[in-house]
Amino acid sequence: MEQLLFAGGTIVAGVFGCVAWFWGSNWVLDGLYPPRGVDAGRNILRANMIRPWLFIGPAVLFLSLYLVYPVVNSAWRSLLDADSRAFVGLDNYRWLMGDVKFRESIFNNMLWLLVVPAASTFFGLLAAQVTDRIRWGNAAKSFIFMPMAISFVGAGVIWKFIYDYRAEGQEQIGLLNAIWTSLGHPPETWLTLPFWNNFFLMAVLIWIQTGFAMVILSAALRGIPEETIEAAILDGANPWQLFFKIKVPQIWGTIAVVWTTITIVVLKVFDIVFVMTNGQWGTQVLANLMYDWMFRGAPDYGRGSAIAIVIMALVTPIMIWNIRNARREML
Amino acid sequence: MKSLYLSAAVLALAAGAAAAQDLKFAPGEDARFNWASYEALKSMDLKGQKLTVLGPWLSADKDLVESVIAYFEAATGVEVDYAGSDSFEQQIVIDAEAGSPPDVAVFPQPGLAADLAKKGHLKPLADGTEQWIKDNYAAGDSWAAYGNYTGPDGQAHQYAFPYKADVKSLVWYVPENFEDAGYEVPTSMEDLKALTEQIVADGGTPWCIGLGSGGATGWPATDWVEDMMLRLNTPEDYDAWVKNDLAFDDPKVVAAIDEFGWFARNDAFVAGGAGAVASTDFRDSPKGLFASPPQCYMHRQASFIPSFFPEGTVIGQDADFFYFPAYAGKDLGQPVLGAGTMFAKLTENPAADAFITFLESPIAHEIWMAQTGFVTPYKAVNSEVYGDETLKKMGAILLNATTFRFDGSDLMPGAIGAGAFWTGIVDYAGGKPADDVAKSIQATWDTLK
Amino acid sequence: MSAIAGTKARLVWVVNLAALALVLLWTIPTFGLLVSSFRDRDQIANSGWWRASMSSEATSFVRAGTAADQAQEGELWVTAGNVLTEGQNLSAWGTNSRDPAAYAPGDVAELKDGQALSVAEDGTYRLTSPTEFTDQRGMRIFLTTTAPPKFTTGNYARVIGAEGLGQAFINTFTVTIPATIIPILIAAFAAYALAWMEFPGRALLIAGVVGLLVVPLQLALIPLLKFHNEIGLGKGYMGIWLAHTGFGLPLAIYLLRNYMVGLPREIIESARVDGATEFQIFRRIILPLSFPALASFAIFQFLWVWNDLLVATVFLGNRKEQLVMTGVLRELLGSRGGDWEILAASAFISIAVPLIVFFAMQKYLVRGLLAGSVKGG
C-alpha cells in the first residue's frame, strides 16, 4: 500500500515537476526578453532562439545520459580488454571474426532477417486483406493483434505447450508433436533439431509481429482511392489481379516501412532465444551472444561491447533507409 | 551465590527464548546439537548492523538457508537480508561491476568467484581461514583450494569459504522396481554396464538422462563426464584437465566423453531415445523412475534431486540411491565427485567477517543438516543430527571418499565451465563426434589465454 | 450475372474461411495456455490440453494396508480397503511394475507364499495370506484408471497466494504507471519543438533520436547502474522509472513528432498570429489534438514496461518482495520447470493485464501507430 502511495506521489511530483519546468522556464524567458517595448523585435528573436531548447532540454538530457553515454562508453570499452583495464585496439573485433559462435550468430541473424520480416509482412498483408472484407473483421483483427501484448517470458511458456516433446509411445502433450505423431511420424524434439529449430523460434516472433504488420497495412489498403479500384474492376480485373497488380504496388512504400521496422526488431531479437533455447543447439543470435559475454560465466565486457557495436552497425543502414523511405512516403 | 547464577541462567534462557521464537530448534533443548558453539557466537555483539547476502537459493532452499541465518541474527543481533536469484551468475556480475555489491555472495561455482576475485571484487577472508578449512574439513586441502584464488595483486588469498556440499556420484533408483525385476544394486562399473544391458534384454529402459536446464542446458552431462574422468584416469590427470594442463582434446578426456556416450547415445539405453537426452529438462527427467511401468530404472544425479521427485516420495523407501561405482578392473579407489557453495565477502563489513565465523561453528551446519538437502564435510559436526538416513549415508560418502574432487566445470573458467563445455556436450549428445567436440572446447579455451 | 454472383458468393466463403483459419492459428497457442491453467495437475501432464474435455487414462499405484491394518478371518490374515479416489474408474490393475495392467477388475492374483490379492471394479481390494503380515510398508497395487475431466481454479489460488504473485502484481503496477507517464510528458514537449519550432540543429536532433531507436538495451545496463550507484540512487523504483523513461523516449519522441507534424499548419500559425505563446499553443491546441498519438504511445510503453524482465532485474533488485511479474514467472520456470499447472496459471495472470489494456485501448494504439509509420515524418 505504502509503495502504491509512493508511486502515486511520484506521478504527481513528476507531472508537477515537468509542468513547472516547462511553464517556469518559459515564464523566466518571457521575463528576460519581453516581447514588448522598444526591443520587442530583437527580444522575440532571441527568445525564439532559446525557447526550443527549453522544450527539448529534458529529453536531450535523458537521451544523452541513458542512451548516448552508454553507447559511447561501450564503443570505448570494446577497445579494452576483459576487465576494461588495458587498451587492446581492435583485438576484440579480430577475435569476433574468428569465433565460431559469432559466425553462427551472424548466419542465424541473416536467416531471421530473411524469414521473419517477409513472413510477418506476408501474413500481415493476407490478414489485412481478408479481415477488411468480412463482417467480423474487427474482432478477427483483435485476435491476430493480441500476441503483441504478451511478454516474451509469457510467450515462452505458451509455446512450451506447442513444442513439448514426450518419448514415443507416450501421449504427446505438445500440440505440434500430437499432430505430427497422428500423421504417423515419430515425435521430434523440435527445439534441438539442427537448423530447423531456428524456424521454430522464428515462428514465435512472426506470431507476435504479424498483428503489427496487419494493422498498418490494413490502413494503407483502405487508403487506396476508390476510383483506382473501381476502374480496375470495370476493366475486368479478377480479385487476384486486383490485389497483386493494383493494390500492392499502391502501398509499396508502407510495406517497406513495415518490413524495415520488423527488421530492426529482428536484429535486436533477444528474449525469445534467451527464454527458449538460450542460443544452444545452433540457435545463437547476436544479442544473446552479447548478453552471454557481458554477464555470463567469465564476463568479458570488451567482447560483449564489440558485439553490441556490430549489432548497431548492422541496424543503422536499415534504419537510415527506413527514415528516407518514410520521408519520401510523406511527400 | 549459587541461586544468583541460577536465576541469571534462567534470565538468559528466557531472553534467549524471546529472541529465538523463530528459531527452528530451540537453543539448548535437543542435546544432539552443539549448542555450546551457538552460545560462543554471542561474544560477537554487532547489534543493529546490517548484512546483505545474495545467493542462488530460492523457494524451499531459501527458507532453509534463512532458518540457519536466523541463528546468526539471534546470536549477534545483525540484521541479515538474504536475496535469492535464479540468475545469480548474471546478477552478481552486474552488481559487482556497477558498484552495488551485496556484503556476502554465495557462489555455486568457484570459477565465477575466481573471476571476480581477479577483478578485485572479492575481499580476502580473515587470516587463518585457509588453515581452518584444511584442519576441519574432510579432504580439507581440496576444499580450501576451491576457495583460494589469485587476487588483482597477483597473490593467492583465501577468498571463499565452502559451506554446504553436494555429492554428485549418485545413482537414484526405485528399490521396489529393482525387486520386481530381480535386479541387484551394482557395485562396480562393469556390473553397472552389465545391468544396463540386462534391463534392455528384459525389455526395459535402464536410464533417464535429461540435460535441459534453460540457460544452463548441458551441465548434467558435464557431471557425467567428470565422473567418468575420475573412473578412467588418475586424480592428478583430473586436476591437470581442470587447469587445462591436460588438453581438453587429449585422448584421456575424449575417452571419458565417449564413456558417457556409451550410456547416453544408445537409443535403447535412455528413456525417449538418445534424441531426447539434450532437450529433456533435468527436473522432469527423474519422473520416469516413478512411472508405471517404469520409463527407466536408474538416474544419475546429485544429492539435491529429490526436490524434484513426485510429491510424497519417501527417500530411502520409495526411492533410494547407490554410489555411482568405479571400475573394479582399475586401481583408482572409490572416487567421489562433489560440489559445494562458496561464501565470499564483497565488502569490508565487520558483520560479514562475523558471518564467516558463524559458518565455522558446528551449529551453522547442524541446523541445516537436521532438515533436508544438506551434507557437510565438516568433521566436528554430530552426524546423528542428519534429518534422515539418506543424508547420513551421503555424509558418510563424503567423509570416507578415498578421492574427492570438485565438480570440474565449476573450476574451469566461466567461458568454458559455464559455456563451451555445456554447449559442446549438448552437441555431443546430439551426435557430434567426441573428438570434434573436445577440439572445439579446447579452441575456445585457447582464446582465453 | 448469376455467374458473377456465384463467384462472389464463393469468394465471400473463401475470405471468411481464410480469416477464420488465421484467427485460429493466432489464438490457439494462447487458448491452450488458458485451458491448461484450469486443468488438474495430473491431467496436464498426462494428456494434451485439447483433450481437456475428455476423460483421461492414467496409470499410478497406491499402497495396500500395512501389517497394522490386518485382521484375522479364520485361517487367513486379511488386509482390505479401497484403492480408488472419487470419480475414478478402474480398467485394469497389477502387482508388478513391469506389468501394471496384468489383471482385469475382479480377477484374483496369486502372489508369493500363498498370498492372494483381488481388486473389484469399485476399487475394493482384499489381500489375504495364510501367515501373519509383517510389512511395515504396504505392497504396491498398480492401477489403470480413467478419470473424468477435472477443472479447477486451484492453480490460480495457489499461484496468487503461495508463489508471491500478488506482491509482484503490485510491484509491477508501481513500476509501470510512473514509467509510462513521465516519458510521455517529456517527449510531448520535445516532439512539439522538433515538429513546429525552427532552430538550428533540428534535423540533426531528429536523426539522432531516430538513430537511438536501434541501441540494444543490454549495453546500457552496467554503465547506468554504475551511474545510479554513484549519484546515490542505487537500486529502487526511482532508478527503474528513470531508466524506463530514458529507454522509452526515442520511440515516444519519434511517434509523437510524426503525429504532431501532420496537424494542420493553419491552426498553429493563426494562434501564433493571435499572440499566443508557444506554451499556450502547446497546451491548448497540440496536446488535445495529439491525444490519439499520446494514448498510443502510452499503451506501447505500458505493454513494454509491464512485459519487461531485463531492466527490472537490473535496476530493481532480485529480492522476492521486489520482483515484478515477469521475474516471478522466470523464477517459476527455473524452480518449477516441471509443474505445468503453476506455470500456466502464473503465465496467464501475467499476461491478463496487458491483454485487458490491449483490448480496451487498441483503437488508440492503432491510430498512433498509423501516425508513426504511414503518414511518416
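Domain bounds, as used here, come from an automatic or database domain assignment. In this predicted model, such an assignment divides chain C into domain 1 (2-52), domain 2 (56-147) and domain 3 (156-375). The centres of domain 1 of chain C and domain 2 of chain C, taken over C-alpha atoms, are separated by 45 Å. For chain A the assignment gives domain 1 (2-77) and domain 2 (95-330), and here the two centres, again taken over C-alpha atoms, are 38 Å apart.

The overall dimensions of chain C may be considered next. This chain contains 13 helices and eight strands. Its radius of gyration is 33 Å, well over the 21 Å that the globule rule gives for 377 residues, and chain C is therefore more spread out than a compact globule. Along the principal axes, the C-alpha trace of chain C spans about 115 × 80 × 30 Å.

For chain B, 19 helices and 11 strands are found. A compact globule with 449 residues would have a radius of gyration near 22 Å, and the 23 Å of chain B agrees with this value. The C-alpha atoms of chain B fill a box of roughly 80 × 55 × 35 Å, taken along the principal axes.

Within chain C, three strands form an open sheet in the order 1-8-4, with antiparallel pairing. The edges of this sheet are formed by strand 1 (56-63) and strand 4 (89-94) of chain C, each of which pairs on one side only. On average, neighbouring strands of the sheet are turned by 25 degrees against each other, direction ignored. Strand 1 of chain C pairs with strand 8 (residues 140-147) of chain C in the antiparallel sense, and eight bridges connect the two. In this pairing C:V62 stands opposite C:I141, a residue of strand 8 of chain C. Strands of a sheet pair through backbone hydrogen bonds, either parallel or antiparallel.

An open sheet of three strands is also formed in chain B, where the order is 8-7-9 and the pairing is antiparallel. Strand 8 (298-300) and strand 9 (320-323) of chain B stand at the edges, and because each has a single partner strand, one side of each is left without a neighbour in the sheet. Strand 7 (residues 170-173) of chain B pairs with strand 8 of chain B over three bridges in the antiparallel sense, and B:Y173 is placed opposite B:M298 of strand 8 of chain B.

Most residues other than glycine have a negative phi, and most peptide bonds are trans. The peptide bond that joins B:S292 and B:P293, however, is cis, with omega at about -5 degrees. B:A139, a residue other than glycine, has a positive phi, near 55 degrees. This residue, B:A139, lies in the loop between helix 6 (129-136) and helix 7 (140-146) of chain B.

Chain A carries the UniProt annotation "transmembrane region", taken from an unreviewed entry, over residues 6-29, 50-69, 110-131, 143-162, 199-221, 251-281 and 301-323. In the model, the span of residues 50-69 of chain A is 100% helix and 0% strand, and its end C-alpha atoms lie 25 Å apart. The span of residues 110-131 of chain A is likewise 100% helix and 0% strand, with its end C-alpha atoms 31 Å apart.

The contact with chain C takes 84 residues from chain A and 84 residues from chain C. Helix 2 (residues 40-77) of chain A gives the most to the side of chain A that touches chain C, contributing 17 residues. The residues on that side of chain A comprise 63 nonpolar, 15 polar and six charged. The contact between chain A and chain B takes 16 residues from chain A and 27 residues from chain B. On the side of chain A that touches chain B, the residues divide into nine nonpolar, five polar and two charged.

Technical notes: Residues are numbered from 1 along each chain as its sequence is written. Chains are lettered from A and ligands numbered from 1 in the order in which they are written. This is a predicted model: local features need pLDDT of at least 70, side-chain atom pairs count only at pLDDT 80 or more; totals for chains, interfaces and linings use all residues. Two strands pair if DSSP finds at least two bridges between them. Helices (H or I, at least four residues) and strands (E, at least two) are DSSP runs, numbered from the N terminus. UniProt positions are given in the numbering used here, feature names are shortened, and annotations may be inferred rather than shown by experiment. Two residues are in contact if their C-beta atoms, placed from the backbone, lie within 7 Å. Ala, Val, Leu, Ile, Met, Phe, Trp, Tyr, Cys and Pro count as nonpolar, Asp, Glu, Lys and Arg as charged, and the others, Gly among them, as polar. The radius of gyration is taken over C-alpha atoms; the globule rule is 2.2 Å times the number of residues to the power 0.38. Axes are lines fitted to C-alpha atoms, for helices over the stretch in contact, and angles run from 0 to 180 degrees between N-to-C directions.
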